[in-house]
Amino acid sequence: MESSLKRQFLEEGYVIIDVLSEKEISDFRTIMDKLLSPKIVGTDETPKSSSFQHLGDNLQDFGKESRQYYFHLLTKEGTEPIHHAFSNPKILKAVEEILGPDLIVNNASILAANKGTSYSLGWHRDIIQIPEDEIEDWLFSSERFHNSVQINLPLVDENSLWIVPKSHNRPNNEGENEAFGGSKHYAPIGAEMPGGVPVKLKAGQAVLYNNNLIHRGYTETMKVPRRTLHMGYHSNAYDPTWHFYLLDSNLLTEDYLKKLNPTMRAMMEDYVACRAKFPNMADTWKRENMIELSKI
């Protein structure tokens, strides 16, 4: 029998859970502020509406521009003090409940911006890795098992994530196609998306969501600095999706792995082993590799 958490995730495409205590929130904020050097004041105050986030920014550049920054973790030296966030037992328990056992972490990053920042990323599904001419409707089928959970865990109250609930397991409708303006990757900045709503989170709450949901990042003006942990997982019991390839495995050298705490080193070694087993990202969106929900 499905749990209520898994049922909501499958039906709505997302679920919100309480994760961090007040002390844990404070501890994580302290760690993050040390990583981000908040005393840096940039000279470029020109607002930046978006950037191609998955390229990743450098920690030492935070604050030099008036925009949101996206920092990769787990593959960069100096980020070790915050790694324990990705083995949080409450998060792992919830993800296992949704996907299954033997989790592999496949995304780990910080979303950060200073107070006063305006942020807007176009509506999209997380399919930027797939060439547009290879994106087919079956990828969003209600019968298909999507072996991935993406998570935002803010350390301050926020509603920067906007979603279209229940859009994860169906193709775009007519209004959504119109909003996307002919693109299958990103809608134009400022496009109105039918059914789009903000996900309101308290500090320490996490939203777990299906990457196939139509979603965007948007905050008109941040009233407090954004400090959000972002992460993703899949179950090693099933073949991974294209989201699995976000971490740069070339950076996970033996010398670097030796610097990690035992828990994170084991998780990264599992990631490397999975990459060896599934070396070709393009195989993940082939129809013959589809995992049906009925087989889970």
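**Entry 1: a helix across the sheet**

I began with helix α2 (residues 22-36), which lies across β4, β5 (103-113) and β12 and runs at about 100° to β12. I note at the outset that this is a predicted model, and I read every value below as computed from it.

**Entry 2: strand order**

I then looked up the sheet itself, an open one of 6 strands in the order β1-β10-β7-β12-β5-β4, paired in the antiparallel sense. At its edges I found β1 (14-18) and β4 (69-72), each of which has a single partner strand, so one side of each is left without a neighbour in the sheet.

**Entry 3: the pairings, strand by strand**

Strands β1 and β10 run antiparallel and are joined by 5 bridges; D18 stands opposite Q205 in β10. The next pairing, β10 with β7, is again antiparallel and extends over 3 bridges, and there I recorded L208 of β10 as the bridge partner of I151. From β7 (residues 149-154) I went on to β12 (residues 226-235), to which 6 bridges join it in an antiparallel run, with L153 opposite L229 in β12.

**Entry 4: how enclosed is β10?**

How many of the residues of β10 are buried? I count 5 of the 5 as buried, so the strand is largely enclosed by the rest of the structure. I checked the two faces separately, since in a regular strand the side chains alternate between the two faces of the sheet. On one side of β10 I find Q205, V207 and Y209, on the other A206 and L208, and as all of these are buried, both faces are covered.

**Entry 5: the largest pocket**

Last, I looked up the largest pocket, for which I have a volume of about 320 Å³. It is lined by 16 residues, and those closest to its centre are D157, E158, N159, T219 and K223. Which classes make up this lining? I recorded 7 charged, 5 nonpolar and 4 polar residues in the lining of the largest pocket.

Notes:
Residues are numbered from 1 along each chain as its sequence is written. This is a predicted model: local features need pLDDT of at least 70, side-chain atom pairs count only at pLDDT 80 or more; totals for chains, interfaces and linings use all residues. Side-chain values use heavy atoms; hydrogens and water are left out. On a 1 Å grid over the protein atoms alone, a cavity is a set of points where a 1.4 Å probe fits but cannot get out, and a pocket is an open set with protein on both sides within 12 Å along at least five of seven lines; lining residues have an atom within 4 Å of a point. Grid points are joined across faces, edges and corners, and a volume is the space filled by probe spheres set on the points. Ala, Val, Leu, Ile, Met, Phe, Trp, Tyr, Cys and Pro count as nonpolar, Asp, Glu, Lys and Arg as charged, and the others, Gly among them, as polar. Two strands pair if DSSP finds at least two bridges between them. Helices (H or I, at least four residues) and strands (E, at least two) are DSSP runs, numbered from the N terminus. Contact means heavy atoms within 4.5 Å. Axes are lines fitted to C-alpha atoms, for helices over the stretch in contact, and angles run from 0 to 180 degrees between N-to-C directions. Buried means under 20% relative accessible area, exposed over 50%, partly exposed in between (1.4 Å probe, protein chains only).
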